[in-house]
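Reader: I'm new to reading protein structures. Could you walk me through this one with a few questions and answers?

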Amino acid sequence: MGGAGALGSRFVEWFRGDGDLVHVVDPAAPAPGLAEGHAPAGGSPAEVAARDAEVLAAADLVLVAVPIPVTPEVIAGLPPLRPDAVLADLTSVKGPALEAMLAAHAGPVAGLHPMFGPDVAGPAGEVVVHSPGRGDVHWLLERLTGWGLRVEPVAAAEHDRLMGLIQALRHTVTAAYGVNLRREGADLDTLLALSSPIYRTELMMVGRLFAQDPGLYHDIITASEANLELLERFHQTLGELITGLRAGDREGFVAEFEAVGEHFATHSEGFLTESRELLAAAKELRAAARDEAQEAAAAGAGVPAAGAGADGAATGEAGDAEDGAAARVDDMAARLAPHRVEIDRIDRELLRLISARAAQARAIGAIKGTAAAYRPEREAQVLRGLVERNPGPLPDNAVRRVFRELMSECLAVERPLTVSYLGPRGTFTEQAAVQHFGGAARPVPAASLEGVLREVEARQADYAVVPVENSTEGSVGRTLDLLTRTPLEAVGEVRLRIEHQLMGRGEVSGVRRVYAHSQALAQCQDFLTRHLPGVERLPVSSNAEAARLVAELAAQGVTDVAALGPESAAAVYGLNVLRPGVQDDPENTTRFLVLGHESPPPSGSDTTSLVVAPPQTDRDGALLGMLKPLAEHGVSMTRLESRPMRGGLWQYLFYLELDGHAQDPQVAAALEALRAGSVFYRLVGSYPRVG
Ligand SMILES: O=C(O)C(=O)C[C@]1(C(=O)O)C=C[C@@H](O)C=C1
């Protein structure tokens with residue numbers, strides 16, 4: 001009822017936005033059956049209600065949004081509604097409206113009072129007072145909170161008393177101030193020119209009132225006898241204050257002032273901070289408008305911006321341009337505002353959902369007890385499921401990253417993880433660890449690959465991340481060797497794009513020595529040969545160690561040295577990036593294995609890694625014989641690497657990666673046959689495939 005009015009039509013817009021079928025029953029709306037845009041059907045409230053009786057009788061919700069004085073009458077004239085329909089209103093005075101609704105309808109009733117005007121950008125962040133009537137109206141309240149409205153329950157009588165203070169008194173004082181300014185013949189431009197942001201904001205609030213519907217404000221102020229009595233008391237207070245001032249009663253004024261200060265005491269600090277922020281924001285907006293105006297004026301006059309007036313005072317033309325530019329800035333601010341309000345609403349909703357998710361993780365953690373909290377197969381399933389549902393516009397990788405972090409934080413609520421990696425800080429392996437476990441895991445650097453695994457074997461860390469292969473340089477032999485010996489099992493893999501920077505403190509032309517891990521030197525050999533010919537290449541234990549060394553040498557005044565490695569190492573050790581992206585292959589990628597105490601169960605798309613040695617690998621057909629079970633059981637092999645076996649001349653170990661999980665029947669059968677035909681067999685583990 002009344003959905004054609006200013007505030008009612010905003011609710012129509014929001015309900016329609018949710019996909020609801022909304023009928024506007026209003027004399028300003030066309031007759032039933034006619035599309036919007038047709039001439040208004042007109043009529044008294046009773047005629048309108050009678051005309052639309054069928055629509056009203058079928059509605060789930062009848063929302064009355066009509067002027068205050070006619071609200072009880074409109075409600076009384078409603079036809080019978082469905083017994084389970086909710087009858088609600090949007091009036092500023094709740095007592096009479098609720099009384100009328102309870103009398104008119106035996107079903108659920110809710111009194112609502114939106115504490116905002118029709119010009120709000122959107123519902124998010126605004127307040128609606130709910131004065132309960134009767135019955136179950138939770139779906140309606142949930143809808144309101146779903147739009148981001150804050151619903152405050154207050155009984156009707158109390159609401160009306162409070163609104164006297166919040167609305168009637170406030171609006172009357174503002175109105176009196178405006179009326180007085182006009183009567184005093186105040187020149188607004190002069191007042192504004194002398195106004196700092198605080199006075200400007202106050203004047204704006206006065207001007208804002210008079211830009212709205214005077215009848216509405218009259219109705220709000222005169223809504224009840226109690227309001228008028230309140231205003232009379234206010235009038236008396238004002239009279240007393242003036243009498244005191246006239247009488248020179250300074251002490252009386254000070255005492256009254258201090259008493260009010262005490263009344264506000266618990267809020268005064270918060271109010272000071274909040275108003276300071278508000279004024280700072282107002283000042284910034286104003287300054288932006290002025291800057292733009294000056295630029296526009298300068299451009300128009302063909303002189304530099306400073307020419308508009310050295311003291312910053314605008315000329316007449318600049319003043320015009322200022323108005324134009326200010327209008328443009330205001331226009332942009334106005335266009336941004338609803339989106340920002342919507343983003344604020346969404347963020348609050350996200351925060352609520354994220355917190356609810358974390359609470360679920362905490363409950364899961366309590367159930368798991370001392371069992372492993374980290375479940376790679378579940379994480380892989382969650383991420384795959386989300387990527388499948390990704391509606392855009394974020395790319396799949398962005399969705400993965402966002403939820404990766406969310407799961408990392410949820411896991412930390414269950415139990416924080418420590419991850420051991422080849423240090424020092426700033427290595428690619430550290431990046432891989434963060435990429436896999438997210439920012440909530442604690443990376444612990446170790447000095448060698450053996451040390452990395454030892455930390456986990458000795459349960460000093462939960463998981464280890466070790467490099468296994470690089471797209472340019474092939475396998476990391478040392479890791480493959482260690483995989484034959486460690487009791488740890490693979491629980492995951494990471495693929496990391498490797499971008500090397502040339503880092504140092506001097507000039508590229510002055511570099512005589514380059515330090516890096518041997519893999520990095522190999523991955524950048526074309527660059528080094530072409531751009532740094534004759535420069536000494538010095539392998540060290542890690543790229544981060546190279547960066548640390550170069551920083552140390554630079555501190556001693558040696559600047560003809562440089563390091564290769566990740567940008568994070570330059571940041572950690574305070575080096576400059578002398579040349580970015582110096583790896584020979586722009587697609588250069590390293591794969592890492594994540595090792596823990598137990599491989600996860602199948603995730604639906606897994607890889608299995610193992611190391612085997614067939615007997616007498618130097619014999620013809622030994623390799624073929626070893627791989628035959630894979631073909632027989634239809635298992636695909638995605639990787640095969642050979643490594644010389646220590647102590648066995650011409651004996652080789654093979655590192656294999658297979659499609660599928662060791663618990664998949666086909667894979668299990670193939671593995672069994674492989675084990676039976678090998679002199680050495682070690683299942684490194686099965687883990688979710690990446691991507
Ligand atoms: O499902 C679980 O077992 C959880 O602990 C929840 C959750 C998650 O945030 O989704 C967190 C950590 C696990 O590694 C997997 C998933």
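Reader: Happy to start with a loop: between which two elements is Arg459 found?

Author: In this predicted model, Arg459 has a positive phi of about 60° although it is not a glycine. Most residues other than glycine have a negative phi. As for its place in the chain, Arg459 is found in the loop between α18 (449-457) and β8 (463-470).

Reader: Thanks! Is the peptide bond from Gly392 to Pro393 cis or trans?

Author: Let's look at the place, then the angle. Pro393 lies in the loop between α15 and α16. Most peptide bonds are trans. The bond from Gly392 to Pro393 has omega near 5°, and that bond is cis.

Reader: Now the ligand, please. Which helix gives the largest share of the shell around the ligand?

Author: Three helices each supply at least two residues of that shell: α14 (316-368), α15 (376-389) and α16 (396-414). Among the residues around the ligand are Met407, Cys410, Leu411 and Glu414. The largest share, four residues, comes from α16.

Reader: How much of the ligand's accessible area does the protein cover?

Author: Let's begin with some contacts. An oxygen atom of the ligand is 2.7 Å from an N or O atom in the side chain of Arg357, and a ligand oxygen is also 2.7 Å from an N or O atom in the side chain of Lys368. At Arg375, a polar backbone atom is 2.8 Å from an oxygen atom of the ligand. On its own the ligand has 360 Å² of accessible area, and the protein's cover amounts to 92%.

Reader: One last topic, a pair of helices. How are α5 and α7 oriented to each other?

Author: The axes of α5 (residues 94-104) and α7 (residues 156-183) come within 8 Å and cross at roughly 155°. Angles over 145 degrees count as roughly antiparallel. The two helices, α5 and α7, are therefore roughly antiparallel.

Reader: And which residues of α7 does α5 meet?

Author: From α5, the residues taking part are Lys94, Gly95, Pro96 and Leu98. By class, this contact of α5 with α7 has three nonpolar, two polar and two charged residues.

Technical notes
Residues numbered from 1 in each chain as written. Predicted model: local features only at pLDDT ≥ 70, side-chain atom pairs only at ≥ 80, totals over all residues. Heavy atoms only, no water. Axes fitted to C-alpha atoms, helices over the stretch in contact; angles between N-to-C directions. Parallel < 35°, antiparallel > 145°, perpendicular 65-115°, else oblique. Contact = heavy atoms within 4.5 Å. Nonpolar A, V, L, I, M, F, W, Y, C, P; charged D, E, K, R; others polar. Near = heavy atom within 4 Å. Polar contact = N/O pair within 3.5 Å; in protein donor to acceptor, adjacent residues only side chain to side chain. Areas by Shrake-Rupley, 256 points an atom, 1.4 Å probe, with all protein chains shown as cover.
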